[in-house]
Amino acid sequence: MTDKNIRICPECGKATVDYTIFGGTASCRGCGWRGKETDLLLVPMNPNGTDPEQLMVRFTLELRTLLAKVLGTPLVRFLADWGFLTDRTNDALVKKEAAMYLTNVARAVAVSIIKTREEIATNGRNPDAS
Ligand SMILES: [Zn+2]
């Protein structure tokens, strides 16, 4: 592998993407997204030729663990207060639904982090800073 960038889906953050270079088309096997190759997000890291899919899974999983640790309890309270939990008195159901929210939140945050990194690389610096 000569290209050390990993391409990931702009929709779900998975590396399960198929694409053709030079303005070609791209699609995601993970969520069914379709678009242009240039829409894919670039992750400039591939230590020791790690399998891209494994790397993004690990990145998202580690982020999920971090979010669960610092955000778990307050997030459940927040979701309950805003009526996002089916039944806040059912502990097993609360745990199950909270886990689903955390997984999807982590995935969205992972995509956002990669997008932000691209913005930083493109703009050079924060446009708000003078
Ligand atoms: Zn996808």
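Helix H1 crosses helix H2 in a right-handed sense. The model you are looking at is predicted.

- Two packed helices are described by the angle between their axes and the distance between the axes.
- Here, H1 covers residues 52–81 and H2 covers residues 91–123, and they pack at an angle of about 130° with their axes 8 Å apart.
- Which word describes how H1 lies relative to H2? With that angle, H1 is oblique to H2.
- On the H1 side, the residues that meet H2 are Phe59, Thr60, Leu63, Arg64, Leu67, Ala68, Leu75, Val76 and Leu79.
- Their counterparts in H2 are Val94, Ala98, Tyr101, Leu102, Thr103, Val105, Ala106, Arg107, Val109 and Ala110.
- Sorted by class, this contact between H1 and H2 has 15 nonpolar, two polar and two charged residues.

**The sheet**

- Strands of a sheet pair through backbone hydrogen bonds, either parallel or antiparallel.
- In this model, three strands make an open sheet in the order S2-S3-S4, and their pairing is antiparallel.
- Strand S2 (17–19) and strand S4 (34–36) are the edge strands, each pairing on one side only.
- From one strand to the next, the twist averages 25°.
- S2 and S3 run antiparallel and are joined by three bridges.
- S3 spans residues 25–28, and its antiparallel pairing with S4 also has three bridges.

**A closer look at strand S3**

- What are the bridge partners of serine 27? Aspartate 18 has serine 27 in S3 as its bridge partner, and the bridge partner of serine 27 in S4 is arginine 34.
- Alanine 26 stands opposite glycine 35 in S4.
- In a regular strand the side chains alternate between the two faces of the sheet.
- S3 and S4 form a hairpin with five residues between them.
- In the turn of that hairpin, glycine 32 has a positive phi of about 90°.

**Two threonines to find**

- Threonine 38 sits in the loop between S4 and strand S5 (41–43).
- Is threonine 38 buried or exposed? Threonine 38 counts as exposed because it has 12 C-beta neighbours inside 10 Å, and a residue with 12 or fewer is classed that way.
- Threonine 38 is 13 residues from threonine 25 in sequence, and their C-alpha atoms are 8.4 Å apart in space.
- Threonine 103 belongs to helix H2, where it is one of the residues that H1 meets.
- With 15 other C-beta atoms within 10 Å, threonine 103 is partly exposed.
- Threonine 103 and threonine 65 are 38 residues apart along the chain, with 9.3 Å between their C-alpha atoms.

**The chain as a whole**

- Of the 130 residues in the protein chain, 17% are buried.
- Among contacts with a separation of 6 or more, 47% are between residues 24 or more positions apart.

Definitions and conventions
Residues are numbered from 1 along each chain as its sequence is written. This is a predicted model: local features need pLDDT of at least 70, side-chain atom pairs count only at pLDDT 80 or more; totals for chains, interfaces and linings use all residues. Axes are lines fitted to C-alpha atoms, for helices over the stretch in contact, and angles run from 0 to 180 degrees between N-to-C directions. Helices (H or I, at least four residues) and strands (E, at least two) are DSSP runs, numbered from the N terminus. Angles under 35 degrees count as roughly parallel, over 145 as roughly antiparallel, 65 to 115 as roughly perpendicular and the rest as oblique. A crossing is left-handed if the near helix is turned anticlockwise from the far one by less than a right angle, and right-handed if clockwise. Two residues are in contact if their C-beta atoms, placed from the backbone, lie within 7 Å. Ala, Val, Leu, Ile, Met, Phe, Trp, Tyr, Cys and Pro count as nonpolar, Asp, Glu, Lys and Arg as charged, and the others, Gly among them, as polar. Two strands pair if DSSP finds at least two bridges between them. A residue is buried if 20 or more other C-beta atoms lie within 10 Å of its own, exposed if 12 or fewer, and partly exposed in between; C-beta atoms are placed from the backbone.
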